[in-house]
Amino acid sequence: MKTLGQLRDLLLPIAVGLFTLTVVGWLWWHERQSLDANLRADFDFSVRLASTRIEQRVANYEQMLRAARGLFDASDHVSRDNFSAFVDSLTQGAEFSGLQAFMYTRWQGEGKAAPILYVAPDSADNLPALGYNLLDNPARRSAMLLARDSGEIAITPRVKLLTDQPDGPAAVVIYLAVYDRNLPVDSPAARQAALRGWVHTAFRIRDLMASLYGEGIPGVAIRIHDGAVATPDNLLFESHPGADQLPPPRFSTTEYISFPQHSWTLQIRTTPTFEERHSRRSEHIIAVAGGCGSVLLGLFTWLLVTGRARAHARAQAMTRELRESEERMRHMAQHDPLTQLPNRALFSDRLRAALARARRDRGSAGLMFVDLDHFKGVNDACGHAVGDKLLVAASARMRDCLRESDTLARIGGDEFVVLLPRIDDRTDAELVAGRIRAALAQPFAIDGRELSISASIGIGIFPEHGADDVSLMKSADDAMYRAKDIGRDQLVFAD
Ligand SMILES: Nc1nc2c(ncn2[C@@H]2O[C@H](COP(=O)(O)OP(=O)(O)OP(=O)(O)O)[C@@H](O)[C@H]2O)c(=O)[nH]1
């Protein structure tokens with residue numbers, strides 16, 4: 001029954017702790033899911049932002065090219081100054097940053113060169129490009145012809161700018177054909193016949209990205225590859241060189257940006273900076289605080305459940321201690337501390353009770369005073385400690401001479417009293433006194449010494465030597481003194 005109760009007291013706190021832990025686990029999981037969802041949403045937003053910004057920027061370049069074509073559509077004679085002034089007006093306040101050069105190339109006919117005629121801005125970087133025959137460059141040539149035939153923009157694959165070193169950064173050029181404004185342009189053949197030249201813009205990809213994002217792209221790493229398949233050879237741009245060395249990303253994706261008959265592949269992944277931006281502190285707080293709270297709640301439940309039992313056990317222990325302490329106090333109040341024999345007070349109680357019983361039964365009782373002879377000599381010769389041991393040993397021997405119902409008490413230094421509550425006559429008392437004398441007469445071996453003692457004994461019999469405890473005590477005491485007087489080691493009856 002007790003074990004069942006203990007088991008229940010243990011199971012309830014465990015169940016409460018487990019339940020709380022489950023709730024905490026669910027909260028933790030929920031928080032984690034929500035953080036993951038936030039992170040995912042942020043990443044998706046970054047991806048959309050990246051591809052939209054690039055598309056938007058290229059669309060701006062296209063707008064600019066179309067505006068420039070409008071300039072040529074409006075006039076048969078566009079001078080270099082007209083062109084520069086037009087480009088200046090276009091770029092003022094408009095979002096064309098990242099652009100390296102804006103150019104016009106004249107078509108001089110089949111089999112002839114197509115040199116760059118105008119370049120703006122006419123900076124020291126750009127001017128060396130003037131006069132370069134673009135048709136000599138296969139990548140540019142095919143984009144130019146595509147632009148001519150389609151009437152739309154055409155973008156080159158990865159090229160180097162004419163003014164950059166051969167190992168310079170990756171760049172692209174966007175072409176838009178300019179036609180004779182008096183001729184039809186409704187078919188590829190018509191467009192070929194009406195071709196006057198091309199307006200085109202050139203830009204480095206890294207300048208384009210820097211103009212979009214500034215120094216760094218926050219949180220995500222972007223790689224742009226030329227074409228629909230990402231290979232190291234067609235890499236146009238990477239925002240975080242060495243991103244492969246980073247720990248695996250939480251999220252990554254591939255996006256495509258399409259141009260007429262051309263596309264770019266964008267590989268976008270999260271970086272540790274991005275993942276750290278979404279602190280997992282709340283998740284950790286829930287785990288730690290929830291875990292500790294569950295344990296505390298379990299402990300609290302255990303304290304509540306076992307509180308009554310523990311208070312009961314404590315009360316029992318205290319009661320037991322109190323009883324034992326009372327018992328000890330009572331024993332100390334009624335017993336001699338050296339021999340543990342009853343003291344005078346307890347002896348008096350028992351004497352009175354014995355005499356009352358004897359009086360009622362019309363029986364007899366015996367009272368003996370036993371005083372050791374010359375005990376002072378033992379103390380003086382052997383020391384007080386040996387005297388103590390002798391007193392204890394003598395008490396034990398005297399006790400052995402008595403019945404269970406008899407009482408032996410120590411009422412003074414070497415003074416003992418014996419109560420024989422039920423005797424037939426004085427012979428019984430004489431017999432007991434004889435046994436005591438004989439027991440004490442045997443030598444005692446204390447601390448390697450042999451000690452011999454004797455005792456003087458005075459005996460009083462109830463009722464003949466005293467009708468009450470006081471007179472009987474006095475009679476026996478007087479008899480003992482008489483035994484001392486007649487030479488000690490004697491047994492004397494009261495008068
Ligand atoms: N060792 C020890 N001695 C005690 C104790 N109580 C009393 N005494 C000594 O016991 C002796 C008792 O001496 P008395 O009864 O006066 O005389 P006595 O030497 O026994 O000689 P008698 O006249 O034969 O009784 C004293 O010297 C006390 O100091 C005790 O508890 N231990």
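Predicted model: local features only at pLDDT ≥ 70, side-chain atom pairs only at ≥ 80, totals over all residues.
I started at the ligand: α10 gives the largest share of the shell around it, four residues. My helices (H or I, at least four residues) and strands (E, at least two) are DSSP runs, numbered from the N terminus. Residue numbers run from 1 along each chain as its sequence is written.

**Ligand shell**

Which residues come nearest to the ligand? Of the 16 around it, I noted Asp 373, Phe 375, Lys 376, Gly 387 and Gly 413. Near here is a C-beta atom, placed from the backbone, within 6 Å of the molecule. Two or more shell residues are given by each of β10 (364–372), α9 (375–382) and α10. I sorted the shell by class and got four nonpolar, five polar and seven charged residues. For the classes, Ala, Val, Leu, Ile, Met, Phe, Trp, Tyr, Cys and Pro count as nonpolar, Asp, Glu, Lys and Arg as charged, and the others, Gly among them, as polar.

**α10 and its surroundings**

Next I looked at what α10 packs on. Helix α10 (residues 384–400) meets helix α11 (residues 426–441) at an angle of about 145 degrees, and their axes are 9 Å apart. Axes are lines fitted to C-alpha atoms, for helices over the stretch in contact, and angles run from 0 to 180 degrees between N-to-C directions. The crossing of α10 past α11 is right-handed; that is the near helix turned clockwise from the far one by less than a right angle, with anticlockwise being left-handed.

From α10, the residues in this contact are Ala 394, Arg 397, Met 398 and Asp 400, and from α11 they are Ile 436, Ala 439 and Leu 440. I call two residues in contact if their C-beta atoms, placed from the backbone, lie within 7 Å. By class that makes five nonpolar and two charged residues, with no polar ones.

Pairing needs at least two DSSP bridges between two strands.

At one end, β15 (residues 455–462) pairs with β16 in the parallel sense over three bridges. There I saw Gly 458 opposite Val 492 in β16.

**Pro 421**

I stopped at Pro 421, which lies in strand β12. Pro 421 is buried, with 21 C-beta neighbours inside 10 Å; the cut-off is 20 or more other C-beta atoms within 10 Å, with 12 or fewer for exposed and partly exposed in between, C-beta atoms being placed from the backbone. Leaving out residues up to four places away in sequence, Pro 421 touches Ala 354, Arg 357, Ala 365, Ser 405 and Asp 406. Gly 366 is 55 residues away along the chain, yet its C-alpha atom is separated from that of Pro 421 by 6.4 Å.

**Four-stranded sheet**

Another open sheet has four strands, ordered β7-β6-β9-β8 with antiparallel pairing. Strand β6 (residues 220–226) and strand β9 (residues 262–270) pair over seven bridges. Across that pair, I noted Ile 222 with its bridge partner Ile 268, and Ile 224 opposite Leu 266.

The hairpin of β8 and β9 has two residues between the strands, and Gln 261 takes a positive phi near 55 degrees.

**Ala 114**

Last, I checked a loop residue. Ala 114 sits between β1 (101–106) and β2 (116–120). Is Ala 114 buried or exposed? Ala 114 is buried, with 21 other C-beta atoms within 10 Å. Beyond its neighbours within four places in sequence, its contacts include Thr 105, Trp 107 and Leu 134.
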